[in-house]
Structures are given as C-alpha cells and as structure tokens.
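Hello,

Here is the structure I promised to pass on.

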Amino acid sequence: MPAASLPVARVAVDVPLPHLDRLFDYLVPETMSADAVPGCRVRVRFSGRLVGGFLVERAAVTEHAGRLAFVERVVSAEPVLTSEIAGLARAVADRYGGTMADVLRLAVPPRHAATEANALGATAPDGTAPDGTAPDGTAPGPARAPEPEPEPGPWARYPAGPSFLAAVRDGRAPRAVWSALPGPDWPDEVAIAAAAAAAGGRGALIVVPDARDLDRVDAALTARLGRGRHVSLAAQLGPAERYRRWLAVLRGRVSVVAGTRSAMFAPVARLGLVVIWDDGDDLHAEPRAPYPHARDVLMLRAHRCGAAALLGGFARTAEGAHLVATGWARALAADRPTVRQHAPVVRPAGEDAELARDEAARTARMPGLALRTAHDALAVGPVLFQVPRRGYLAALACQHCGTRVRCVSCAGPVALAGPGQPPRCGWCGARAGPACASCGGTGLRALVTGARRTAEELGRAFPGIQVLTSSGASVLGTVPAGPAIVIATPGAEPLAPGGYAAAVLLDSWALLGRPSLRAAEEAVRRWMNAAALVRSGPAGGSVILMADPALAAVQALIRWDPATHAERELAERTELAFPPAVRMAALTGPADVIGEVLGSASLPAGAQVLGPVAVQPPGPAVQAGAQPADDTVRFLVRVPYPAGTALAVALRAALAERTARKEPGSVRLQLDPAELI
DNA sequence: AGCACGCCGACT
DNA sequence: GTCGGCGTGCTC
C-alpha cells in the first residue's frame, strides 16, 4: 500500500549509463514512509535487478505515464545526501559531461553501518528506527556560546584582510584570490578565516593538497577554535573513523571541516566559507570520472550557496588570475613593502648562458655563489636544496655528442639507480648498452641529477654536516633548527622551525623545460613553495635559483610577484585560446567513433574542433620508432567560456546516444584537462 | 549494462 | 507443431 502522504519517491539510481542519468519515480510503501526521508539510501528494482540509489525528494504525484514500482528497501533513514550536495552533484556532472551517479560516488562515502548506529547523535538506545530525527533544531551539539570576534592577527598585514574577515563573519560572500605572504603563517590565516565564519554562525570548508598541509591546518584550527570544533577528513583514516567524522559533519555537530580533495563534497551545514590552498597542485584534480577539480567544485559551491571563497597560495594560477580578471573575485595581497619585509632575498646563480655552455659548471650544477651562500647559511641554520627529481642520475646523455640515452627496445628514459649500478631503462627495466646509439661513444654524463646523487655530492662538499633527504615515499615533516643540509623534491620540503637560513633551487631548467602548457606556472609555484620556508630577507634568508634571470618565471620569484606572472600566463593563454580563457573538451578514443560523436553532437555556437592528434596507447611499452599501436586519437573542442556547460552537456548527450544503441568503441570525455600538451 | 519482447531455422 | 537464435528497445 502506498504511503498516505507524498507517496512518490524521486530516486537518483546508481547506474553508470549516461542515458539513464535522471531521477526515476517509485512508490513508497506506507510501512517505509517514516524512514524514506529525502537524502536517504534506498534499494530499488531497476530493469529487473536490485540497485542502490538516493531518495532525492518525496512528491505527491508522478510525471511518469507508466506504472510505478515500489521502493524495495530503505537502507537507512540517515539523510546522507543533503539537498545542497544533490544540487551540487547535478551541477558538477553537467559541468564535466559526466553522470550524477559518478559524482555521487565521489561525494557520499560508503556506508559504515556500525558507525552510523553507534555515532554520537544516534537515536534511542533501544534500537528502534530513528523516527523523523531533526538534523538541526534541538540537536545535541554544543550550545552556541557568544563567539569572540576573530582578531585579524596575521591578516592585518594585508590591506584588505580585516575587511575580508569582517565580511565573512557578517554573513556576506566576499571572494578573494589571496597571495599569501611567505612564511609559516598561512595555516593560521586559514584558521582565522574559518573562525570568522563560525563566529557568524556559518560553516567553513577548507581543502588542501596533501596530508602534511592538512596536519598544519588541523593544528591551527585546534589553536584558534579549541578542541572538538572542527574535523579533519583525510584519506588515510580508516573507513569507520572517516565515516564517523563525516557523519558528525552531516549531523551538524561540527561545521568547520578541513580535508584533502575528497572533502570538497563534505555536507557542511550553513556553508559560509570555502577555502582552497595552493590550487595549482595537481593533487586537487580528481582522477576518477568525471575528473572534477577541487577549485571548480568549491567555487561552484560558494556561488550556489552564497558562501565566501578564499583561493590562496604563495603562487597564483592562471585560473586564479582569471577569477580576478572576470571580476568574480578580488585580489587579496599585501603591499610591496610588506612583501619585501617577509620574502627571502632571491638571487639567480650560474649567470645563465655561461652555465648552459660551461661543461664543468653544468656537471657540478653548483656555481660558486650557491656553494658560498650555503656555506655561510649553515653557520646559522638549515639549508634546503630543492631537486626536481628523486633517484640518483635520473637522465643520462652521451658524453661526446650530448644525445639523450634512450632504451634501445622501448625508447624509455635510461637512468642510474645508484652508485656503481648499471644504466637501466625506467620503463621496461632493460640494461642499456655501453655505446651511444648516435655516435658510438661510450662515456655518459648526467642530464638530470636526482636527490640521492645530490645528497652524495653535498655530503662530500660539506663534511661533518648532517644531510637529510625528503622525497617520494619517505617525506620528513620537520627538520631540527640547527645546521643541516636538507635535500627535498618539490612538494616534499620539510618545515624548519624558524625557517631555513637559505635555499638552493637546483636544475631549475628541468622544471621550466617541461613540455607542458603550465611549465612556467608550475615552476614558479614549486619555487615559491620552497622559498616560502626560508627566513625573510631582513632576517638573513636567501634563495639561490639556478636559472636565467631574464626569464619571466625567474623574475616572478626574484621580485616575489606571483600576481603579475599569473596575469602574464593568463594573457598568453587568452592569446592561444586555451583554458582558463576558454573551455576545452578533450575526447580520447578511436578516430572514427569520435568523428561520429562530433558529427551528431549539437555543439554550441562558436565551437572549434582541433585534431586529431595520435595519442600514445596507455602504458610505456611503445616500440622505438614504431607507429602507435592503435588508432587512438584525441580531439579537442573549445568554446567561449560561458558555453562550457553547454558543450559538456552536448557531448555527453552524443556519447549517451551511442551507449544507448550499444555501439562499440569507448570514448573518454574530459573537460579542461590539466595537461593539454 | 541486463533483460525484455520479437520474428526465422532444426528438433521431439 | 514447438524450442530457441540473439537483433532492437526499455529501464520508474
């Protein structure tokens, strides 16, 4: 018997098929009516078999002409899919040409039944079904004491800082692209912003790239808010603990949340502020379909719920510059004198052309200025060496003709794993022969030197000084304050209490020379993230950067001017008509299939198709000089920025029509992929 | 994707 | 006469 009141359940069914990406109506049996609340998990019969889904809303009538089936089971009355997240998931799916089911798999964690029953805030201990549990109202959360107004603290260093905080606290929706001053204060600044939202009775959501940044923000939140006022959602928590914390957020017991990428969908109640730190870090790009980026999702959330937004970092992305250029957000930065007061002194070394030509300088990779700076700094504190590659000798070239050594069987990069070890291919593991394929010479020289080899070299250059390395699997959190040489790969730099006395950024051309649209932006980001750990110039901190000072990226670091560099990057991409100036869809798959899809799709006006280009088949096992193993190609379609969602929706519809007809050949659709070249 | 219904060959 | 081939088509 259908429920007496609102008998229709509109269900988001968990099926992966794009042409079934819409809500389906079911009847709620009267016996389940109390449990079948909007947002709960259900099981329904769909085309004969049982599938999971979320009950999105209850309704009095259906639009469906045919007969409705009954909901098979209410899995739990916990309303895990809030209306905000349901709407967001729909918008993200549309934005990225994916399905709502795909997004919901990213947004709602798998149920942990025992945790759901045991967690604080659960219903009566007699085990009866929780009946109409009000998620707010008389929830047993901490009584709201009058919040002290947040002191601007380090935000006072930015002319617009105090007014941003006041607007957050007052329930408004300021949006800022924030150039953080170098130094250790950013986690505290983030925590103060979150506290301002909490003081205004709203929630805050903070997303950082990795677990180390999360630890720092977590500690700052504890210091600013006290214990029990926030949760951290990290991937490495077990499923039970993760679900327990997530439920505490869902049930409104805490409203300040910090986490890594997947926390971007956390159901924070009364969301008043979103924060993303270091949005250029590629960890913010979700690798699962439909490949949403945390920056996009958070800005979309802020927009949809009238929350404030803070997009911060030491460097600035072209996307950040675009948000400022379009007027969506304001730049939030300190004035020049304040920047100079906090930034280390940055000097280029190696005098560029000389370094590139002079064999000895290039082999040592360490001009006199770098060695002298390191030597002097070691008297007063630790010195950081940033090495772009881990390993030993990560790339080799012929000593005579300079040709890069490649594997004869698969053309992979040949490297030395350690001292006294033979050169081997990094892809297939084959040993490389002794003779150069191009000139027959037998000598080798380093093209890219890894962290291990650098540690060996520096240990010899500074006898008696402790050498620490932090890279790959063994990342150090902090290093002692005393003299030490710290060798780290980008992103793995440990904190030094009181700051490093100096930093030397090695092999800078390796970062700048990457064949990527974002190479310069990414180089500046990595350099600034390392340089921000160094003491300020007035406190004696200095950074040696081994690159050509004429390059704009190098100038950005020397002048500590991330905004100008980002604006320049944005101008370049505008000229090339690349994201973020436009929106771009990448279609990867068999050429004939993509051709049909593009032919049948009703693309928005102004769409421009680029391609095809042959794509390397997945995996490194490509024969040297051979044709690509199959006809996998990539097409790009670009449209003016406002037509981005129309493009995604049109391409998804064209792909859906194919899968509905069961035509063979799979095509991957990705919007604004991070790596375009 | 499953699982229907639907119209043409070899079997008890 | 029936059982069954898997070719379109729908899934509340």
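The notes below go through the DNA contacts, the salt bridges, the aromatic rings and the backbone.

This is a predicted model, in which local features need pLDDT of at least 70, side-chain atom pairs count only at pLDDT 80 or more, and totals for chains, interfaces and linings use all residues. Residues are numbered from 1 along each chain as its sequence is written, chains are lettered from A and ligands numbered from 1 in the order in which they are written, and side-chain values use heavy atoms, with hydrogens and water left out.

**DNA strand C**

Start with the DNA. DNA strand C is surrounded by 14 residues, the closest being H19, D25, S47, H64 and A69. Sugar and phosphate make up 37% of the atoms of DNA strand C that come within 4 Å of the protein. (A residue is near a strand if one of its heavy atoms lies within 4 Å of it.)

The side chain of H19 has an N or O atom 2.9 Å from a base oxygen. S47 places a polar side-chain atom 3.0 Å from a base oxygen. For H64, an N or O atom of the side chain is 3.1 Å from a base nitrogen.

Strand 2 and strand 3 (41-46) are the elements that give two or more residues to this surface. Strand 2 has the largest share, three residues. (Helices, H or I with at least four residues, and strands, E with at least two, are DSSP runs numbered from the N terminus.) By type, the surface has six nonpolar, three polar and five charged residues. (Ala, Val, Leu, Ile, Met, Phe, Trp, Tyr, Cys and Pro count as nonpolar, Asp, Glu, Lys and Arg as charged, and the others, Gly among them, as polar.)

**Salt bridges**

There are 41 salt bridges in the structure (a side-chain nitrogen of Lys or Arg within 4 Å of a carboxyl oxygen of Asp or Glu).

R90 and D21 meet at 2.9 Å, N to O. R90 is in helix 1 (residues 83-96) and D21 in the loop between strand 1 (8-13) and strand 2 (23-27), 69 residues apart. R90 is partly exposed, at 22% relative accessibility. D21 is buried, at 18%. (Buried means under 20% relative accessible area, exposed over 50%, partly exposed in between, with a 1.4 Å probe and protein chains only.)

R157 and E189 meet at 2.7 Å, N to O. R157 sits in the loop between helix 3 (113-118) and helix 4 (161-169), E189 in helix 5 (residues 186-199), 32 residues apart. Both are buried.

E319 and R518 meet at 2.9 Å, N to O. E319 lies in helix 9 (residues 318-325) and R518 in the loop between helix 15 (508-512) and helix 16 (519-531), so this bridge ties together parts 199 residues apart in sequence. E319 and R518 are both buried.

**Aromatic rings**

The structure has nine aromatic pairs (Phe, Tyr and Trp rings, the six-membered one for Trp, with centres within 6.5 Å; planes under 30 degrees apart are stacked, over 60 edge-to-face, the rest tilted). W186 and W277 are stacked, because their centres are 3.9 Å apart and their planes at 0 degrees. W186 is in helix 5 and W277 in strand 10 (residues 271-277), 91 residues apart. Both are buried. One aromatic cluster takes in W155, Y158, F164, W178, W186, W277 and F314.

The charged end of R583 sits over the ring of Y641, 4.2 Å from its centre (NZ of Lys or CZ of Arg within 6 Å of the ring centre and within 35 degrees of the ring normal).

**Backbone**

Most residues other than glycine have a negative phi, and most peptide bonds are trans. The bond from A289 to P290 is cis, with omega near 0 degrees. The bond from P579 to P580 is also cis, with omega near 5 degrees. A577 is not a glycine, yet has a positive phi of about 55 degrees.

Best wishes

Note on methods
Polar contact = N/O pair within 3.5 Å; in protein donor to acceptor, adjacent residues only side chain to side chain.
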